[in-house]
Amino acid sequence: MKSDLKVFITVTASTCGECGEELGRKAWITLVEDKGALCLACADLDHLVFLPSGDAALTRRARKHSVLSAVVLRWSRARKRYERQGLLVEAGALEQAEQECLADEEVRVRRRERQAARRVELDEQYVQQFAERVRAPYPNCPPGREEIIAEHACLKYSGRVGRSAAARDLGEQAIRLAVLAHIRHTETSYDRLLASGCERWEARAQVEGEVSRVLAQWAEGE
Ligand SMILES: [Zn+2]
């Protein structure tokens with residue numbers, strides 16, 4: 001059974017309780033009992049894409065196909081209650097849902113808009129460089145994954161002042177962390193554990209061995 005994770009758009013300025021990043025106002029956060037606000041990167045939700053409310057069929061299908069999803073809520077001062085803004089879902093799940101809704105012209109338009117916005121955010125040259133640096137230490141990484149990992153890292157670091165420097169020097173540690181996160185989300189039951197309400201640390205501990213095994217596999221030469 002899937003329990004809905006909740007992401008809040010803050011009203012007042014907040015700071016991430018884990019990485020300490022100043023998130024400012026209108027930041028997207030999760031709330032964790034002992035740490036307060038967590039940024040989406042620390043909450044391991046930053047690989048999800050936002051689908052605004054408005055298209056019930058698309059939302060329903062995207063949620064169904066996404067192992068991990070989160071409801072995005074914002075406090076309405078006027079109505080004095082949290083209002084649903086949309087859903088965070090896996091990019092692949094949204095694509096699949098869109099395919100199923102393709103008859104709908106409006107969806108096609110929105111999809112083009114989203115792809116255009118994504119291209120603007122991504123620095124193509126940087127992505128290619130990062131992808132090459134992923135491939136080098138992990139020659140057995142399945143074809144095409146290095147681009148997915150690089151795109152995600154680029155999106156994550158873009159617009160984050162404190163992180164851009166670390167990303168740009170393409171350090172081995174940054175690459176290793178990006179690869180580890182990708183393996184955790186795609187090659188293990190991590191997202192499924194989070195979706196079922198498992199604590200992040202507990203879920204990480206459960207998949208740790210599996211992550212190490214895949215990482216070692218990817219690192220092996222021919
Ligand atoms: Zn953080």
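Predicted model: local features only at pLDDT ≥ 70, side-chain atom pairs only at ≥ 80, totals over all residues.
Arg-74 has Glu-83 in strand 8 as its bridge partner.

Strand 7, residues 70-76, and strand 8 run antiparallel and are joined by seven bridges. Four residues lie between the two strands of this hairpin, and Lys-80 adopts a positive phi near 55 degrees there. Strand 8, which spans residues 81-90, also pairs with strand 6 in the antiparallel sense, over five bridges. On that side, Leu-48 has Glu-90 of strand 8 as its bridge partner.

I now turn to the metal site. Which residues supply the protein donors of the zinc ion? They are Cys-16, Cys-19, Cys-39 and Cys-42, each through its SG atom, lying 2.3 Å from the ion. Along the chain, these donors follow the spacing C-x2-C-x19-C-x2-C. The site links distant parts of the chain: Cys-19 belongs to the loop between strand 2 (14-15) and strand 3 (22-24), whereas Cys-42 belongs to the loop between strand 5 (36-39) and strand 6 (48-52), and the pair is 23 residues apart.

What is the arrangement of the four donor atoms? The angles they subtend around the zinc ion run from 105 to 116 degrees, and the arrangement is therefore tetrahedral. For reference, the ideal angle for four tetrahedral donors is 109.5 degrees.

How many disulfides does the model contain? The count is zero, by the rule applied here. A disulfide, I recall, is a covalent bond between the sulfur atoms of two cysteines.

Lys-26 has a positive phi of about 60 degrees, although it is not a glycine. Lys-26 is located in the loop between strand 3 and strand 4 (28-32), and it counts as exposed because its relative accessibility is 62%. Asp-44 likewise has a positive phi of about 60 degrees without being a glycine. Is Asp-44 buried or exposed? At 6% relative accessibility, Asp-44 counts as buried.

Finally, I come to helix 1, residues 56-65, in which Leu-58, Thr-59 and Ala-62 are buried. These residues cover an arc of only 100 degrees around the axis, so they lie on the same side of helix 1. In general, an α-helix has 3.6 residues a turn, so residues three or four places apart point the same way. The face turned away from the buried side of helix 1 carries the exposed residues Ala-56, Arg-60 and Lys-64.

The N-terminal end of helix 1 is capped by Asp-55. A side-chain oxygen of Asp-55 lies 3.2 Å from the backbone nitrogen of Ala-57.

To close, I return to two points. The zinc ion has four cysteine SG donors, in a tetrahedral arrangement. Strand 8 pairs in the antiparallel sense with strand 6 and runs antiparallel to strand 7.

Key:
Residues numbered from 1 in each chain as written. Heavy atoms only, no water. Disulfide = S-S within 2.5 Å. Buried < 20%, exposed > 50% of the residue type's maximum accessible area, 1.4 Å probe, protein only. Arc of directions from axis to C-beta. Polar contact = N/O pair within 3.5 Å; in protein donor to acceptor, adjacent residues only side chain to side chain. Donors = N, O, S within 2.8 Å, 3.2 Å for Na, K, Ca; no water. Tetrahedral: all angles 85-135°; square planar, octahedral: opposite > 155°, others 65-115°. Pairing = 2+ DSSP bridges.
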